[in-house]
Amino acid sequence: MDEPKVLIVEDELAIRDMLRMALELASFRCLEADNISDGHALIVDEQPDIILLDWMLPGGSGIELLRRLKRENSTLDIPVIMLTAKTTEDNVVQGLDVGADAVSYTHLRAHETNPCISYAVFCLKMGGGGGG
């Protein structure tokens, strides 16, 4: 199997870098975007196997992009893990209701990203993924 492609849509460079380093160590090929528009373009053009999508982004809400992805046949089945600084249960429920496969907190330290990465690998092994 080729390296799975993961798209990280996150506007904070430090968080994006931390996730990219951890994912590359887990043998993922990383694509990166720092806003809604570039993120959507990469999703359409690259068909990543999984998406890590920040909740609050320049140009719009990650939740709105997730809604759009779940309406489009070409992106409907791509697993999405929402990244959020919001820690209330309501936010987690909202992300899952809209179609996220999981919700993870962006304030995690590098060693705490492993559950997020493990879940991404699980999704891919269970047949999830958009392209690749």
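**Strands, helices and loops**

Reply: Start with a strand pair: V9 stands opposite A33 in β2. The chain crosses from β1 through helix α1 (residues 13-25) to β2, and this β-α-β crossover is right-handed. Right-handed means that, with the strands pointing away from the viewer, the path from the first strand over the helix to the second runs clockwise.

Me: In which sense do β1 and β2 pair, and over how many bridges?

Reply: Parallel, over 5 bridges. Two strands count as paired if DSSP finds at least two bridges between them. Helices (H or I, at least four residues) and strands (E, at least two) are DSSP runs, numbered from the N terminus.

Me: What kind of model is this, and how are things counted?

Reply: It is a predicted model: local features need pLDDT of at least 70, side-chain atom pairs count only at pLDDT 80 or more, and totals for chains, interfaces and linings use all residues. Residues are numbered from 1 along each chain as its sequence is written, and side-chain values use heavy atoms, with hydrogens and water left out.

Me: What is the mean pLDDT of the protein?

Reply: The mean is 81, and 75% of the residues reach 70 or more. pLDDT is the predictor's confidence in each residue, from 0 to 100.

Me: Where is confidence lowest, and where highest?

Reply: Lowest in helix α5 (residues 114-125), at a mean of 64. Highest in strand β2 (residues 29-33), at 96.

Me: How many helices and strands in total?

Reply: There are 5 helices and 7 strands. From the N terminus on, the order is β-α-β-α-β-β-β-α-β-α-β-α.

Me: Back to α1. What span does it reach?

Reply: α1 has 13 residues and reaches 18 Å from its first C-alpha to its last. That is close to the 18 Å expected at 1.5 Å a residue. The expected span is 1.5 Å times one less than the number of residues.

Me: Which residues of α1 are buried?

Reply: I15, R16, M18, L19, A22 and L23. They cover an arc of only 165 degrees around the axis, so they sit on the same side of α1. The arc is that of the directions from the helix axis to the C-beta atoms. On the other side of α1, A14 and L25 are exposed. The cut-offs: buried is under 20% relative accessible area, exposed is over 50%, and partly exposed is in between (1.4 Å probe, protein chains only).

Me: How exposed is S27?

Reply: S27 is partly exposed, because its relative accessible area is 42%.

Me: And Q47, what is its phi?

Reply: Near 45 degrees, again positive in a residue other than glycine. Q47 lies in the loop between α2 (36-46) and β3 (50-54).

Me: Is Q47 buried or exposed?

Reply: Q47 is buried, with a relative accessible area of 18%.

Me: Switching to K5. Where does it lie?

Reply: In strand β1 (residues 5-9). K5 counts as buried because its relative accessibility is 10%.

Me: What does the side chain of K5 reach?

Reply: The backbone oxygen of E46, at 2.5 Å. A polar contact is a pair of N or O atoms within 3.5 Å; within protein, one must be able to donate a hydrogen and the other to accept it, and residues adjacent in sequence count only if both atoms are side-chain atoms. K5 and S27 are 22 residues apart in sequence and 9.4 Å apart in space, C-alpha to C-alpha.

Me: Which backbone nitrogen does the side chain of N35 reach at 2.7 Å?

Reply: That of D38. A polar atom of the N35 side chain also lies 3.1 Å from the backbone nitrogen of S37. N35 sits in the loop between β2 and α2, and at a relative accessible area of 17% N35 is buried.

Me: Last one: how many residues of β6 are buried?

Reply: In strand β6 (residues 80-84), 5 of 5, so the strand is mostly covered by the under-20% rule. V80, M82 and T84 point one way, I81 and L83 the other. β6 pairs with β3 in the parallel sense over 4 bridges, and D54 stands opposite L83.
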